[in-house]
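Good morning. I will take a few minutes to go through one structure, and I will start once it is on the screen.

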Amino acid sequence: MRLFTFAAMTALAFLTAPVLAADPGFLKPSDLYDPAHYLPPPPASGSPRALAELAEVKRSMAEATPEQRAQAASDNDSENGTIFAVVLGPAWNLNKLPATAKVINEVTGSEGPFSDIAKQEFKRDRPWVVDSAIQTCAPHKPSQDHASYPSGHATVGYGMGVVLANLMPSHAQAILGRSEQFAENRLICGFHFRSDLS
């Protein structure tokens with residue numbers, strides 16, 4: 001839940017900015033001067049908790065159905081507002097909702113710098129570095145090897161979810177449920193540990 005709170009904080013800053021300032025906008029990366037102020041460190045490498053999280057990744061990957069693996073791989077490649085179509089239905093077409101698309105694009109565009117700062121601070125090894133037998137759902141680059149914590153996908157999924165849940169309160173439960181599923185799929189993909197997502 002810490003990552004959800006972090007994502008919610010940045011998303012809600014955007015939602016409330018028009019009320020607070022004549023020139024609304026997102027927090028800037030420079031506003032996140034110390035990631036450790038917002039996020040605790042991940043479990044220490046080799047600790048009982050880290051080993052339990054590695055076991056969970058392996059279990060999640062092994063127990064996933066073909067459909068779940070396909071959805072996780074699709075989510076890996078869809079770090080944008082289209083992920084909510086499955087819960088909002090055919091009317092959720094961002095090509096026909098330009099104002100909403102603009103808001104979502106601003107959320108997704110602002111997430112990267114924030115999570116990148118935290119990733120650089122903590123430099124947590126990815127699951128495939130900890131255990132080379134882990135085969136991820138999509139190719140990865142060596143530059144990603146030490147960037148597990150926090151999950152950028154989970155942060156942007158929760159960020160979009162918080163904004164949309166506030167804009168569409170009658171669909172809030174479904175939207176936030178999809179954000180959670182989007183984050184959980186990072187385990188099935190072998191890209192992240194539990195504490196990277198929560």
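Predicted model: local features only at pLDDT ≥ 70, side-chain atom pairs only at ≥ 80, totals over all residues.

The protein has 10 helices and 0 strands. So read from the N terminus, the order of elements is α-α-α-α-α-α-α-α-α-α. Of the 198 residues, 46% are buried. The accessible surface is about 10,000 Å², and carbon and sulfur atoms account for 58% of that.

Now the contacts. If we take those between residues at least 6 apart in sequence, 76% join residues at least 24 apart.

Next, the pockets. The largest pocket has a volume of about 370 Å³. Which residues lie nearest its centre? They are Asp-116, Lys-119, Arg-126, Gln-144 and Ala-147, out of 20 residues in the lining. Two elements, α6 (98–122) and α8 (152–167), each give two or more residues to that lining. The largest share comes from α6, with 6 residues. By class, the lining of the largest pocket holds 3 nonpolar, 10 polar and 7 charged residues.

The second largest pocket has a volume of about 230 Å³. Its lining has 14 residues, and Pro-43, Ala-44, Ser-45, Arg-124 and Val-130 are the closest to the centre. Here helix α3, residues 48–63, gives the most, with 3 residues. What is the lining of the second largest pocket made of, by class? There are 9 nonpolar, 2 polar and 3 charged residues.

That is the end of my part.

Definitions and conventions: Residues numbered from 1 in each chain as written. Heavy atoms only, no water. 1 Å grid on protein atoms, 1.4 Å probe; cavity = no way out; pocket = protein on both sides within 12 Å on 5 of 7 lines; lining within 4 Å. Points joined across faces, edges and corners; volume = space filled by probe spheres on them. Helix = DSSP H or I, 4+ residues; strand = E, 2+ residues; numbered from the N terminus. Nonpolar A, V, L, I, M, F, W, Y, C, P; charged D, E, K, R; others polar. Buried < 20%, exposed > 50% of the residue type's maximum accessible area, 1.4 Å probe, protein only. Contact = heavy atoms within 4.5 Å. Areas by Shrake-Rupley, 256 points an atom, 1.4 Å probe, with all protein chains shown as cover.
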